[in-house]
Amino acid sequence: MKLSDAVLNFLAAKGVEKCFSVTGGAAAHIFDSLSRSSIETIHMHHEQSCAMAADGYARIAKKPALVVITNGPGVSNAITGVLGAFQDSIPMIVISGQVPTTQMLSNSGGAKRQFGVQEVETGPLVSSIVKYFVCIQHESELQEQLNHAWEFATTGRPGPVWIEIPLNIQAREVEQIQMTAILSTDTTPRYRECIEAINSSRKPILVIGAGVHTSNSENELIRFATLLRIPVVSTWGANDIFPAEHSLYLGNFGILGNRIPNIAVQESDLLLILGSRMSIPNTGYETKLFSPNSFKIMVNIDSDEMNKSSLEVNLAIESDLKKWLIHFPLEEIEKGEIFERWNSKLNSLSEEFGLHREEIIYEARKIDSYDVIECISKLIESDATLVTDMGTSFTCTMQAFRNLHKTRLFTSSGTSSMGFGLPGAIGAYFADPKRPIYLIAGDGGFQMNLQELQTVKYHRIPIKIIILNSDGYLAVSIMQQNLFEGKFVGSNPQSGLDSPRFTKIAKAFGIKSREALTKKKLERYLRKIRKRQSGYLLEVQISSKQLMRPRSQSLRKSDGTMYSKGIEVMWPFLSQKDLDFIQSKLG
Ligand SMILES: Cc1ncc(C[n+]2csc(CCOP(=O)(O)OP(=O)(O)O)c2C)c(N)n1
Ligand SMILES: [Mg+2]
């Protein structure tokens, strides 16, 4: 059979069901094969969106999607989306076409920039953002390389792999590809040392990260925490594991987290870090000030993450999280009651120092973003998927969204690329069309991939899009206000940047839309659009004075250098009376 048919048969047999794609001549045979394949292709309007959609797809479907693109600009366009998947450990199979082998730069005899039509050398561009890159130069390599690539994408710490197939090779005759067995590796769980550390702790905190999703161990994790009675804090990638109401769940921690989760982490004597790489937004910029008195146990599939200069891990356990959780001897933990008391103290402080205490800004015809997120928390279905873009839509949602029982909440948090939201949500929709799908995006980020409104229209995707329009880059103007005395550059209309009305844009794409100018109206419209079977865009104006609060912010010394405090110090700063009260409770 034709080689491109064999490739798609192999992937279909592995369970791949969806492909996100922009067509092009260098991948002509692969597209021809896709037209016969059981893999459904969704044709999008930008290669970046294809990779981002495949990312969103994999987060919900828990398996990789395929991205098929052409060479040259198809490759360079896809890079940001693939980078996001690499940094967030999302499996993905990218196949790009290439000019015939005889016309490739490497066979030009000396040219350095380009030889074949529309050609760029893909390997050097993408090798550092994928787990595996291969250019299939001969049909005899196919079987081994495809099996290899699949294994790289889906085992260990997952991530994207990239297979380049030159046009002449795509059409070669090959036999059906045989699958080779994937061997699982053994790990040392070090339960004894963990149990000793847990049993001698008085203030343990369970830190959970996106690895809980990647390892498919959400249920095991909840059971583990519930039986151990250890309070839980989460990173952005794991804010949707526990329902907000769960008695052990304190919330999101980090520089834009919540006050009590941050204080809990800083006060703790034992951090049990499961499936998190402990990024700087979690430890704070001044990493030496992070949780100074705790013994740190980290369970991670990627040993490199446990040797970083930002965190001294006292007990590093390289393991698949699911396996580790399933076999953990829970009956050997002795401290249930002590942990319960620690948890109830933290819980009562959370009641007192939760987000509701923070000041809300009221301005005519504008809605505070925290009010928007509160409305969304109240009104969306419990089995909804909520995807965000960057800026306020990301940080405010992560801080304020109250997770329900089965809600999924995500964005491309490692790379944080503006424009992820819409294609990411489209991918999530194709992974499970039965889940209600919502997107929250800012005016800036949404403009970076709004061409995909046409994909929404074409496929009649019933996505509900909420645009927080700040008429500019609020995240940037807040930083400029804070560190540069309000000398704005390219962040608002006064400094060279503004935004259109999105209701008008939606109309151009044939998508129904409405603007909500008050919280009441927003609630009413949200209730109404829930039931709609087609896409809908709701535009909300948020104040350009909107602040992210609380947050631990960088400060500038008189000589211009920046510095930060520990993550427990959050602006607006608490009074001495409040701080004394917290200390007296936790002491
Ligand atoms: C591709 C990309 N370019 C630049 C940035 C830096 N950046 C982060 S947030 C932000 C502003 C986002 O504006 P908007 O989407 O309107 O959200 P807002 O902050 O206004 O709520 C910028 C420019 C980024 N994250 N991604
Ligand atoms: Mg904005």
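Is Arg365 buried or exposed, and how many C-beta neighbours does Arg365 have inside 10 Å?

Mentor: Happy to, and please keep in mind that this is a predicted model. Arg365 counts as exposed, because it has 9 C-beta neighbours inside 10 Å and the cut-off for exposed is 12 or fewer. You will find Arg365 in the loop between α14 (336-352) and α15. Its backbone deserves a look too: phi of Arg365 is near 60 degrees, a positive value in a residue other than glycine. Most residues other than glycine have a negative phi, and most peptide bonds are trans.

Two packed helices are described by the angle between their axes and the distance between the axes. The crossing in which α15 passes α22 is right-handed. On the α15 side, the contact is made by Asp371, Val372, Cys375 and Leu379, and α22 contributes Lys519, Leu522, Glu523, Leu526 and Arg527. Sorted by class, the residues of this contact are 5 nonpolar and 4 charged, with no polar ones.

Helix α3 (residues 47-61) and helix α4 (residues 73-87) pack at an angle of about 25 degrees, and their axes are 6 Å apart. They are therefore roughly parallel to each other, and their crossing is right-handed. In the contact, Glu47, Gln48, Cys50, Ala51, Met52 and Asp55 of α3 meet Gly74, Asn77, Ala78, Thr80, Gly81, Val82, Gly84 and Ala85 of α4. Here the classes divide into 6 nonpolar, 6 polar and 2 charged residues.

Now for the ligand. Ligand 1 is surrounded by 17 residues, and the closest are Gly391, Thr392, Gly442, Gly444 and Gly445. By class the shell holds 7 nonpolar, 8 polar and 2 charged residues. Thr392 also leads us to helix α16, residues 392-400, which is mostly covered, with 9 of its 9 residues buried. Among them are Thr392, Phe394, Cys396 and Met398.

Back to backbone details, since you began with one. Arg190 has a positive phi of about 55 degrees although it is not a glycine. Its place is in the loop between α7 (167-170) and α8 (191-199). Arg190 counts as partly exposed because it has 17 C-beta neighbours inside 10 Å.

There are cis peptide bonds to check as well. One joins Arg549 and Pro550, with omega about 0 degrees, and Pro550 lies in the loop between β18 (536-541) and β19 (555-556). Another joins Trp571 and Pro572, with omega about -5 degrees. Pro572 lies in the loop between β20 (562-563) and α23 (576-586).

Finally, visit Asn307, in the loop between β11 (295-300) and β12 (315-318). With 11 C-beta neighbours inside 10 Å, Asn307 counts as exposed. From Asn307 to Leu272 the separation is 35 residues in sequence and 16 Å in space, C-alpha to C-alpha.

How values were computed:
Residues are numbered from 1 along each chain as its sequence is written. Chains are lettered from A and ligands numbered from 1 in the order in which they are written. This is a predicted model: local features need pLDDT of at least 70, side-chain atom pairs count only at pLDDT 80 or more; totals for chains, interfaces and linings use all residues. A residue is near a molecule or strand if its C-beta atom, placed from the backbone, lies within 6 Å of it. Ala, Val, Leu, Ile, Met, Phe, Trp, Tyr, Cys and Pro count as nonpolar, Asp, Glu, Lys and Arg as charged, and the others, Gly among them, as polar. A residue is buried if 20 or more other C-beta atoms lie within 10 Å of its own, exposed if 12 or fewer, and partly exposed in between; C-beta atoms are placed from the backbone. Helices (H or I, at least four residues) and strands (E, at least two) are DSSP runs, numbered from the N terminus. A crossing is left-handed if the near helix is turned anticlockwise from the far one by less than a right angle, and right-handed if clockwise. Two residues are in contact if their C-beta atoms, placed from the backbone, lie within 7 Å. Axes are lines fitted to C-alpha atoms, for helices over the stretch in contact, and angles run from 0 to 180 degrees between N-to-C directions. Angles under 35 degrees count as roughly parallel, over 145 as roughly antiparallel, 65 to 115 as roughly perpendicular and the rest as oblique.
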